[in-house]
Amino acid sequence: MKKVNIGFIGAGSFISCTHLPTAAATGYINIAAIAELDDSIIDRHKSRYDVGYFTKDYKDILKDPAIDIVVIGTKQDMHAKLIIEALDAGKWVWCEKPMCETDEEALAIIAAEERNPGRLAIGFNRRFAPGYTLVLEELSKRPRPWFVTYRVQMDNFDKKRNAQSFYFKRPAMVYEGCHFMDLASFIFKEAPRRVYMSGAENAENDCIILEYKDGSRFQLLSTNTAGNGGLGKEFAEFFAANFAAQVDDFTDVKLRGDYGVYDKIIPPAWGVFNEETLQYGYDFVESLRSTLAQPEKELLQARGLSLEKVVRGHSERPYEAQIDAIYEKLKDRHWTERVFQVDKGWEKAFQHFARAFLEQTEPYNADGRAGKLANDIAYALLESKKQRMPVEFNSSI
Ligand SMILES: NC(=O)c1ccc[n+]([C@@H]2O[C@H](COP(=O)([O-])OP(=O)(O)OC[C@H]3O[C@@H](n4cnc5c(N)ncnc54)[C@H](O)[C@@H]3O)[C@@H](O)[C@H]2O)c1
C-alpha cells in the first residue's frame with residue numbers, strides 16, 4: 001500500500017498523545033522523521049515508534065524530498081515561520097492551533113498558501129468530532145436561522161497564568177477559544193457580523209455571542225477559573241425549526257426532530273473503554289471521569305465530605321467494581337499515555353488530511369483563511385470585552 005511520509009517538527013506533550021500514535025497506528029502513514037530539541041522526548045519516541053530518523057535541525061525535514069507532509073507541533077510563537085518555510089519547501093503542512101499570533105503572520109501564511117501547491121491544515125479537530133458530525137448533518141438540512149449554545153471549561157488555567165508559563169499574558173480566547181470560533185465558522189459557513197464578549201477584566205470567565213446576518217446565533221460560556229473537571233469539558237446544544245440536539249462531552253448525543261427521537265453514544269477515542277461505554281452508556285463515562293477527576297477523594301472523605309459517585313440510569317451500577325479497578329490502574333499514568341479520552345475528532349481530522357494527500361483530493365480541514373478567521377474573531381471578542389459593548393465584525397476573508 002502506498003504510504004504518506006510525515007515529518008514532525010516538535011513532538012512534545014500534545015503530539016506525543018495524539019498525532020504521533022495515530023500516525024503509528026494508521027496503515028497508510030509512515031513516521032519518516034522527527035525534529036525535536038528535547039533529548040528525553042527523543043529517547044521516549046525512539047523506544048516506542050518506528051521512526052525513519054531523528055534530528056535537531058528541522059530544516060533536515062524541509063530539505064528531505066521523501067517527506068510529503070510536515071506536522072508542526074511547536075508552540076504558536078514558531079507556527080507562522082515554520083508553516084511558511086514548509087509550504088515554500090513544497091510540502092503539505094499540518095499545524096497545530098492557533099495558526100499564528102498576529103495579523104501580519106496570518107496574511108503572510110495565506111500568501112504562502114496561495115503561491116504554493118501544498119495544502120495547509122490547522123488542527124481544529126472539532127470539525128471532525130463524530131458527535132458533531134452527526135448533529136451537523138441533520139442541522140444542515142434545516143432552514144436557518146440556527147442557534148447554537150456551547151459551554152467549555154478550559155483547563156490548566158492556573159498553570160498557564162503562572163509567570164513561568166509560555167501562556168502567561170497570552171489570551172486564552174485566542175489559543176484555546178480559536179477552536180470554538182472555528183467550529184462556529186464551520187457550522188455557519190460564514191463569518192459573524194457582530195460579536196460581543198462580557199466578562200470580568202482580571203479573569204477569563206466570559207460570555208460570548210456571535211451574531212450572523214440571517215439571525216442565527218452562536219453563544220459560548222467559556223470558563224477558566226470557574227468549573228470542575230468532574231463535569232464534562234464541553235457541552236453543546238443546537239436548535240432549528242422543529243429540531244433540537246445536544247452533545248454532552250462529545251459522547252452523549254441526543255437528536256430530537258420532526259422525524260422522531262434518537263440517541264447515540266459515541267465511544268471514546270483510541271479504543272480505550274469503548275466496550276464499557278457502549279454497554280453502559282454515558283453513565284459509565286461520567287462515573288469514570290468523576291472518579292479520575294477526584295484523586296484526592298480520600299483526603300476529602302477524611303474531611304467529612306460526602307463523595308457520592310455519579311448515580312444515574314443504572315441503579316445496580318454493574319460497572320462499579322470495574323471503575324475502582326480502573327482508577328487504581330490509571331491514577332498514576334500520564335495523560336499522554338492515551339489513558340481515556342472522549343472523541344474530539346483529533347484522529348479523524350489528522351487521518352483525513354493524510355488521506356487527502358494520498359488521494360490528491362481537497363481536504364476539508366481548516367485552511368489558512370479559516371485559521372485567520374478564528375484568530376480575527378477571538379481578537380474582536382477581546383476588543384469587545386475591553387469596550388464593554390458589541391463590536392461590528394468585518395471579515396477580510
Ligand atoms: N488541538 C488540540 O486540541 C491541542 C491540544 C493541546 C495543544 N495543542 C497545540 O499543540 C501545540 C504544542 O503544544 P504542547 O503543549 O504539546 O507544547 P510542548 O511544549 O509540550 O511541545 C512543543 C515541542 O516543540 C519542541 N520544539 C521547540 N522548538 C523546536 C524546534 N526548533 N525544532 C524542533 N522541536 C522544537 C519542544 O522541544 C517541545 O517538545 C501548541 O500549538 C498547542 O496549542 C493543540
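User: How do α6 and α16 run relative to each other, roughly parallel or roughly antiparallel?
Analyst: This is a predicted model, where local features need pLDDT of at least 70, side-chain atom pairs need 80 or more, and totals for chains, interfaces and linings use all residues. Residues count from 1 along each chain as its sequence is written. The axes (lines fitted to C-alpha atoms over the stretch in contact, with N-to-C angles from 0 to 180 degrees) of helix α6 (residues 103-115) and helix α16 (residues 368-387) cross at roughly 170 degrees. That's over the 145 cut-off, so α6 and α16 are roughly antiparallel.

User: Which residues of α16 does α6 meet?
Analyst: α6 brings A106, I109, I110 and E113 to the contact (C-beta atoms, placed from the backbone, within 7 Å). On the α16 side, they meet G368, R369, G371, K372 and N375.

User: Where does the cis bond with K97 sit, and what is its omega?
Analyst: K97 is joined to P98 by a cis peptide bond. P98 falls in the loop between β5 (92-95) and α6. For this K97-P98 bond, omega is about -10 degrees.

User: And the bond joining R144 and P145: what's omega there?
Analyst: P145 lies in the loop between α7 (130-139) and β7 (147-153). The peptide bond from R144 to P145 is cis, and its omega is about 10 degrees.

User: Is Q360 buried or exposed?
Analyst: Look in the loop between α15 (346-359) and α16 for Q360. Its phi is positive, near 50 degrees, though Q360 isn't a glycine. Q360 has 7 C-beta neighbours inside 10 Å; 20 or more would be buried and 12 or fewer is exposed, with C-beta atoms placed from the backbone, so Q360 is exposed.

Key: Helix = DSSP H or I, 4+ residues; strand = E, 2+ residues; numbered from the N terminus. Parallel < 35°, antiparallel > 145°, perpendicular 65-115°, else oblique. Contact = placed C-beta atoms within 7 Å.
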